[in-house]
Amino acid sequence: MEPMACQWTDAPHSMGTTIMAVEYNGGVILGADSRTTTGVYVANRASDKITELTDNVYLCRSGSAADSQVVSDYVRYFLNQHTILLGRLATVKTASTLVKELSYQNKSFLETGLIVAGWDKYEGGSVYGIPLGGTLLRLPFATGGSGSSYLYGFLDQAWKSNMTQEEAEALVVKSISLAIARDGASGGVVRTVTINEEGVQRKFYAGDKLPLFHEEIAPRPTPIHAN
Amino acid sequence: MARYDRAITVFSPDGHLFQVEYALEAVRKGNAAVGVRGTDTIVLGVEKKSTAKLQDARTVRKILKLDEHVSLAFAGLTADARVLVNRARIECQSHRLTVEDPVTVEYITRFIAGLQQKYTQSGGVRPFGISTLIVGFDPYTGVPALYQTDPSGTFSAWKANATGRNSNSVREFLEKNYTETSGAETVKLAVRALLEVVESGGKNIEIAVMTKNEGLRLLDEAEVEEIVAGIEAEKAAVEAAKKGPPRDQ
C-alpha cells in the first residue's frame, strides 16, 4: 500500500496571496491579505506583504516568500545607491525598472509576482505590474496572487478612473475581502498603504472588521443554556 | 605584462615611502577642509575656489554624502576622491544588505583607510591623493563622530581637525579655541577656523551641517554670509574694546 500523501510535503508551491494596487486622484493605494501558506498549513496569519523600497515607493509581494524578499532587498540596495548619487527621491519608474531587471534576468530561478506602486513629483501616483516572466507594464490598477482570479469580473465592473482617496481605499478593502472569501490561500487581515505627496500611511483592517458577502454568516453570540 | 607588476610604492633606503609622502604633498596643495564635532551637531567646511562664471557651482561638490547618516569632505585630487567615494557608497549599501544594519562611522572609515592602504602596497598603482574627514552619527546610540584618513591609510578619531592648504594654522586655531559646543555654536567655530586661512566671505567657503534627525544639510550662500558677518562684527567689537574709549583732549 502506498503511504498517505501529505499535502504540506507534496503540494506544489502555490501563489497563495491576494495583492493589488490602485491609482487614484493624487496617489496610489496598495493592498494585500496576510496569509502565508505551506500547502494547507498557515505559516503566518498576519504577514506584511507590502514592503518599502524607498520613502515614496512600495512593493506588493506574491509567490515565493523567499524569492520576493530577496528581490526587494536587492532593489533597495541598488535604489539606495541611486538615490544618494542622484541627490533626490527616485521615481516609481526607476524602481519598477530595477525590479523588472531582477525578475527578467533571473526568470529561471525566481517564482514571484510583484506590483510596484508609489508617488513621485513627475508622474504623481503610478502602478506597475511585474508578473512571473518579468514583463513591466504600467497600469491604472493591478492585481496579483492566487486570489486575484476572483477579482477580474468584479473590478471590470467596479473600477473607475480618477477616484478619490476614500473611494479607492474602499475598493481595495472590498476587493481583498472578496478574494479572501473565495480563495483558501488568502486570508487573515487586510493591510493597506496609501502613498501621496504628503507621505505614506499604513492602515490595518482586522479580519472581523471586513465586510461579509453572499452566504457568509455574521458572528452572533452563542446562547448560554442554564440548567 | 611583467613591467606592470612592479610596485610603484617601494621603500627608500632610510625607510620612507616616497610615493605616500608625495601624495601628502598633493593633499597639502588642495583646498582647505575643516571638521568640528559638537555634542549634537557635526560641521564640515571647505574652502571654495571661486567658480568660473559659466560653471554650474552645484556640480563642484567637495562635501559628499556616503549614506543617510555619514558624510565626507576631502582635500586633494578631486577625481581620486570621486573614485574612493563611489567605492565607499557601495560598501555602505552592501553592509546594509548583508547584515541588515547601517554602517557605523568607524566601520566605513576603516574601510576607506583600508582601501587607501591597499594602494600603497599593490603593483602598478599609485596611492590616492586625498585626505578625508568623515563625519556621522552612530545609527543606534546617536553619538557623533569625526574621523580623518590620509594617503598612507592611517585613520584616527578627532574632536576637530583640518586638512589641505594651511591645515596647520587651522588646527592651531582649533586647539586654542575648541570647547564642547552644540548647534549654531559648532557651526560658528568651524567657520571661524576656516576664516583663519580663507578670504572672508560666503563666496569662498561652503559649510555643511549634520544632525542626527535631519542628516546632512548644505547651508546656502546667504546663511553662510550671515554667520561670517556675525563673526566679523564680533571681531570688530573686540578690536574696538582693545583700543579703549576715545581720549579726551
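Strands are DSSP runs of E with at least two residues, numbered from the N terminus, and the model to which they refer here is a predicted one.

Q: In which strand of chain A does V28(A) lie, and is V28(A) buried or exposed?
A: V28(A) belongs to strand β2 of chain A. Residues under 20% relative accessible area count as buried, and because the relative accessible area of V28(A) is 0%, V28(A) falls in the class called buried.

Q: Which residue stands opposite V28(A) in β11(A)?
A: Strand β2 (residues 27-32) and strand β11 (residues 190-196) of chain A run antiparallel and are joined by 6 bridges. Beyond its neighbours within four places in sequence, V28(A) has contacts that include V193(A), T194(A) and I195(A). The residue standing opposite V28(A) in β11(A) is I195(A).

Q: Which strands of chain A stand at the edges of the open sheet?
A: The open sheet has 5 strands with antiparallel pairing, in the order β10-β1-β2-β11-β12 of chain A. Two of these strands have a single partner each, so one side of each is left without a neighbour in the sheet, and they are β10 (141-144) and β12 (199-205) of chain A.

Q: At about what angle to β11(A) does helix α5 of chain A run?
A: Helix α5, which spans residues 165-182 of chain A, lies across β1 (19-24), β2, β11 and β12 of chain A. Relative to β11(A), the helix runs at about 155°.

How values were computed: Residues are numbered from 1 along each chain as its sequence is written. Chains are lettered from A and ligands numbered from 1 in the order in which they are written. This is a predicted model: local features need pLDDT of at least 70, side-chain atom pairs count only at pLDDT 80 or more; totals for chains, interfaces and linings use all residues. Side-chain values use heavy atoms; hydrogens and water are left out. Two strands pair if DSSP finds at least two bridges between them. Helices (H or I, at least four residues) and strands (E, at least two) are DSSP runs, numbered from the N terminus. Contact means heavy atoms within 4.5 Å. Axes are lines fitted to C-alpha atoms, for helices over the stretch in contact, and angles run from 0 to 180 degrees between N-to-C directions. Buried means under 20% relative accessible area, exposed over 50%, partly exposed in between (1.4 Å probe, protein chains only).
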